[in-house]
Amino acid sequence: MKLLVFAHTPPPHHGQSYMVQLMLEGLGGDRRRVAPDAAASTDVECYHVNCRYSEDLEDIGSFRLGKMWLVLRYCLEAIWCRFRYGVRAFYYVPAPGKRAALYRDWVVMLLCRPFFQDFIHHWHAVGLGDWLRSEGTWFDRWFTHCLLDHCTLGVALAIPSMRDALWFCSQRAEIVANGIPDPCPGFATAVRPRSQARLEARRRLRAGETLSEADRNAAGGDPEIFRVLYLAHCTREKGLFDTIDAVIAANRTLAEQKSRLRLHLTVAGGFLDPNEERQFRTAIAEQAEAITYAGFVRDETKAKLLASSDAFCFPTYYAAEGQPVSLIEAIAHGLPIVTTRWRAIPEILPPDYAGFVAPRSPDQVAAALLAAMDEDGTGLRDLFLARYTLSKYVEGLRKVICTVGTAERTLDRAA
């Protein structure tokens, strides 16, 4: 099975580009750049066109004339691969509901669709159909249907994400959940004991008990501080400002109760909008003791933040939200999670999970964070191991991709 992967990998680093990178690596990499004797044994041979249009997060979704030249260049590269390597299947990640990105999709489909037999649309971003119905013109809807309808395979992340695959009349739709390398291999020996020691220390402090020095050390030295982590793009729609308001409100409640406990929020992620960054810095100017900005974090820095946190807060209502990688990372670390019943997120966590809140509801977020102080989230680790590991993700994609063009390949072999 030869697959043309028309999608970008980091940089810039975000959930979609990261998942494409993991898929490529799991399927053996770009066959044009991997020596034949070093290529992994796999049923899928990938030929990667790294269609990177932006160099940083701030440039994503913006319109520049230079991007149009890049679209043409990448399409020509894809068509060249079609004839040079005999690739007939085209893997693509359709745009979310953004006009500039939609126009880019139009150009790609106009130029590439005549040359490829099978199309696989992987719906990492969701909501394009809803956006076309609510904000698109009749021409937007008609032309997008002409170009995106009737792909051979539509891959969704969860049941709620299948709306786009079905709305654009995919010949077949399959669900493959995201999966990542284990970000917390030392969970059993380091993270779980510390989390449970901190939970027990908080319960004793709430009961008015005094902790010994040994108990305090086992709980990280600061059991009075309930460490909340926000890890995502720093935007209003992702729930950043609702999280800030909620932490301030929760600390006010604890002070009124004369509790010895306090919440501390660490915000990690990059800003996409300079105005929102200014609003953020204004909002936290008087909250230096309660809120820290860690900037954009990766690798070891991110792992340390997750391992040292007591809860994860992500009250998103972002229109194109799929399966956030940061949420899966929090599950892998066994953190109590406060998040919204939004898009596919309820499919990620257990259906009766207590940490769900309504979008745009900082009061509910504050109440949920206060409740999370008494919750043991370490059981979520088992959910990660059962559903969201890298091997399950790659194997799931390999299986559904290999079904594309099966009949044609059988006839070719027979001939």
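This is a short tour of a predicted model, stop by stop.

Residues are numbered from 1 along each chain as its sequence is written, and side-chain values use heavy atoms, with hydrogens and water left out. Because the model is predicted, local features need pLDDT of at least 70 and side-chain atom pairs count only at pLDDT 80 or more, while totals for chains, interfaces and linings use all residues.

Stop 1: Select P10, P11 and P12. The peptide bond from P10 to P11 is cis, with omega near 0 degrees. Another cis peptide bond joins P11 and P12, with omega about -10 degrees. P11 is in the loop between strand 1 and helix 1, and P12 is found in that loop too. Helices (H or I, at least four residues) and strands (E, at least two) are DSSP runs, numbered from the N terminus.

**Stop 2: helix 1.** Select residues 15-26. Just after helix 1, G28 has a positive phi of about 105 degrees.

**Stop 3: D30.** Move on to the loop between helix 1 and strand 2, where D30 lies. D30 counts as buried because its relative accessibility is 8%. A polar atom of its side chain lies 3.3 Å from the backbone nitrogen of H48. Leaving aside neighbours within four places in sequence, D30 is in contact (heavy atoms within 4.5 Å) with C46, Y47 and H48.

**Stop 4: L3 and the core.** A nonpolar core is a set of buried Ala, Val, Leu, Ile, Met, Phe, Trp, Tyr and Cys residues joined through side-chain atoms within 4.5 Å. The largest has 90 residues, of which L3 and L263 touch the most other members. Helix 9 (residues 240-256) gives the most to this core, with eight residues. Beyond its neighbours within four places in sequence, L3 has contacts including V44, F90, I120 and I401.

**Stop 5: D299.** Finish in helix 11 (residues 299-308), where D299 is found. D299 has a positive phi of about 50 degrees although it is not a glycine. It is exposed, with a relative accessible area of 57%.

Terms used
Buried < 20%, exposed > 50% of the residue type's maximum accessible area, 1.4 Å probe, protein only. Polar contact = N/O pair within 3.5 Å; in protein donor to acceptor, adjacent residues only side chain to side chain.
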